[in-house]
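Morning, everyone. Let me put the model on the screen, and then we'll walk through two spots in it.

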Amino acid sequence: MQAWENRDCKVLFRKKRDFKNKKILSFIAAALSAVTAACIVIYSVRDFSGKEYTFSGTESNFAVALTFDDGPSDYTEELLDGLKKYGAKATFFVLGKRAEKHPDTIKRIYSEGHLLGNHSFEHINMLTSALIPKNLKASIEKTADAVERLTGERPVFFRAPHGYVLPHQKLFTGTVFVDWSYDTYDWKHQDSDYVYNEGKKAAKDGAIILLHDTKKTTVEGVLRAVKELKDEGVDFVRVDELLSRNGAEIKSGVIYKKYMVF
């Protein structure tokens, strides 16, 4: 009988302990939420710029924006050669650490009329950096500084690594966010024929196509597609030209994405 009573007491004690631990964990979670909310309010109110930008939009009836992330790389020069040959413009969302490694490529991208955008310094994860907004802002600013030193112009457009953006993060970065309407997954399928077919498939009017100039197969495949599509009358323009068609103004703190069904 004593053994049964001891067992029941142990079970009851364990249940009380577990309940107490859950209450402690709930309190910690609530405290973290409160701190996060405070950070959101403080940084959003302090740093929200709300700027509007006006760009020279394209008059093309069939325009597509090719966007390249994570570069520049050893393959970007080959890509630039092809784009120049076919009379196509593109947008490059560069990493700050790679911009510092390939300064001449950054200068060439700019001098040949392509658009340079910001992709953070080291491909920062904006979800995990949510509790420390200053780290995210520092990563963006460091890349902007690097590009400005090389070109004399500070990048206005920003693409979040992985496309992850929390609502408050749109406000305190002071940039124009650009997402995409079609992800080719070229980084996953490193095959030039695959990229060529995806490029052809994605080329719908108003499309913002996600690619990576860090893959040789991407460069080879997309240039094949550009050559054929140009012959068919497709105009390849910068993101700012695409978004400002018909005189539209572009605002900071807004995520721009052409939602399309393929």
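**Strands first, then one arginine**

Start with strand β2, residues 63-69: three bridges join β2 to β3, and the two run parallel. Some ground rules. This is a predicted model, where local features need pLDDT of at least 70, side-chain atom pairs count only at pLDDT 80 or more, and totals for chains, interfaces and linings use all residues. Residues are numbered from 1 along each chain as its sequence is written, and side-chain values use heavy atoms, without hydrogens and water.

Strands (E, at least two residues) and helices (H or I, at least four) are DSSP runs, numbered from the N terminus. Strands pair if DSSP finds at least two bridges between them.

Back to β2. Its Phe68 stands opposite Phe92 in β3. From β2 the chain passes through helix α2, residues 76-86, to β3, a right-handed β-α-β crossover. Right-handed means clockwise from first strand over helix to second, with the strands pointing away from the viewer.

On the other pairing, β3 meets β4, residues 115-118, in parallel over four bridges. Thr91 has Leu115 in β4 as its bridge partner.

Which way do the β3 side chains point? Thr91 and Phe93 go one way, Phe92 and Val94 the other, and all are buried. Buried is under 20% relative accessible area, exposed over 50%, partly exposed in between (1.4 Å probe, protein chains only). In a regular strand, side chains alternate between the two faces of the sheet.

Now Arg245, in the loop between α9 (239-243) and β10 (250-251). Is Arg245 buried or exposed? Buried, because its relative accessibility is 17%.
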